[in-house]
Amino acid sequence: MPSSFSRRWHFRQLITASSFILLVACAENPTAADATPLQIANAPAAASPTTQPAIAPGTSDFDIQPTMSFSDWEAGFRVDAMKAGIRPDLFDQAFAGVLPDMSVVKADRSQPEFTRPVWEYLDGAVSAVRVNKGQALLAQYADVLQTIEQRYGVDRQSLVAIWGMESNFGRFQGSQYVIRSLATLAYEGRRRAFAQDQLLAALQILQHGDIQPGEMLGSWGGAMGQTQFIPTTYNTYAVDFDGDGRRDIWNTPADALASTARYLQSSGWQQGQPWGFEVQLVKGFDYALADASTRKTVAEWLQMGLKLPNGGALPANVAQLQAALLLPAGYKGPAFLVLDNFRATLKYNNSSSYALAVGLLSQRFSGGGYVLGSWPRDDLPLSRSERMELQTLLSSRQYDAGVPDGIIGANTRKAIRNAQQSYGWPADGYPTHELLDNLRKP
């Protein structure tokens, strides 16, 4: 590539790069169903199934720059692809006219400052429009879904719920050419190994003949199809359920749903078990027990005073199943006991809000799935910069919150609990403005 490319590539162009769609179904970002409709291209323009590695703390838009021209990188990757069995003609067809996409780099480097509260996320995820559409599709694909249930042991309501969450039932799959997006990520270098693995897997999909290059569209990060598989997940779990010789998760709902069922089955899905259910906590409950690492049988939780809202009946055959207590909005909000199928959904997308939305939506198709507890709608979540400040302040007070990255992980939750206990508050591990304000005081 001409040397002038380095000037075109300069990262300051990111400021004016074209808009992007972030197809990640989690509480902090829109789901694919909120994104841009799928657009099929006639030819290539000039990762959990969707899981992407976290952005490294402290990385800015200008920290990492390519060390070679794109043409030199492409030539080197072409050699590697040939060694891996990719045909030269297929590689050249897939890469025809491909140049780095600035919007992909911008999307990869961007982290949202503000997050949607879990209750707002659920309001959108379990909307009346989505419920009605899902009910219609459950009827339309009843025979296919029954066969998938029998083969993989995953209930049809959960599959259709994931279908709705990931792509609004196939309508919004992303409009980026997957080869271009992954080549951009592999070239710019921040997480080259991951992107090159996905890019090679995408070329293998094309070589297998499941999709033509011009139709291989998806998210900026390479998630594809009606249930948003990244290429390596596709190669491991995608199935040709309709028997037409192609694993077509883009245009064939049966293939997409069966592929999702196979993935969930491999993730530990338990046939016939619920994802979980809402509970009420007794006064004086030890909120520190609300942690994914604390698992007890349902019977043990009930012996500690938990009960079902409004005197509801316990789901059948769950008393001896292992469950964790989930407080998605802290002690002020609703509580749930979540079982193995919730954990399997987390492997599909590692967001408790996402897994909760899938579970509630799957029940809503049959008239259930309503949360009876009250959400603390006046409590706004901390922004990303506030979460980072919280982590910094926690660590300065000898509550080790880890690297201040704005991600509320296990270390940060433990630090929050320790701080809450020192104030005599319920130790639910939930980050609040009240805690941040107290930590700011000298």
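## First stop: a pocket

Select H15, the element that gives the most to the lining of the second largest pocket, with five residues. Before going further, two notes on the model. It is a predicted one, where local features need pLDDT of at least 70 and side-chain atom pairs count only at pLDDT 80 or more, while totals for chains, interfaces and linings use all residues. Numbering runs from 1 along each chain as its sequence is written, and side-chain values use heavy atoms, with hydrogens and water left out.

The second largest pocket holds about 630 Å³ of space. To find its centre, pick Trp-275, Gly-276, Phe-277, Pro-315 and Gln-363, the closest to it of the 30 lining residues. Now colour helix H8 (156-167), strand S3 (276-279) and helix H15 (352-364), the elements that give two or more residues to this lining.

Some terms for this stop:
- A pocket is an open set of points on a 1 Å grid over the protein atoms alone, where a 1.4 Å probe fits, with protein on both sides within 12 Å along at least five of seven lines; lining residues have an atom within 4 Å of a point.
- Grid points are joined across faces, edges and corners, and the volume is the space filled by probe spheres set on the points.
- Helices (H or I, at least four residues) and strands (E, at least two) are DSSP runs, numbered from the N terminus.

## Second stop: helix H9

Next, select residues 178-188. Buried means under 20% relative accessible area, exposed over 50%, and partly exposed in between (1.4 Å probe, protein chains only).

Within H9, click on Ser-181, which has 0% relative accessibility. Which residues does Ser-181 touch? Leaving out residues up to four places away in sequence, they are Val-104, Gln-176, Ser-219 and Trp-220, where contact means heavy atoms within 4.5 Å. Then step to Gly-189, which follows H9 and has a positive phi near 95°.

Gln-228 has a positive phi near 55° without being a glycine. Look for Gln-228 in the loop between strand S2 (217-218) and helix H11 (231-237). Is Gln-228 buried or exposed? Gln-228 is buried, at a relative accessible area of 0%.

Finally, go to Asn-317, in the loop between helix H13 (298-303) and strand S5 (322-326). Asn-317 is not a glycine either, yet has a positive phi of about 60°. Asn-317 is exposed, with a relative accessible area of 74%.
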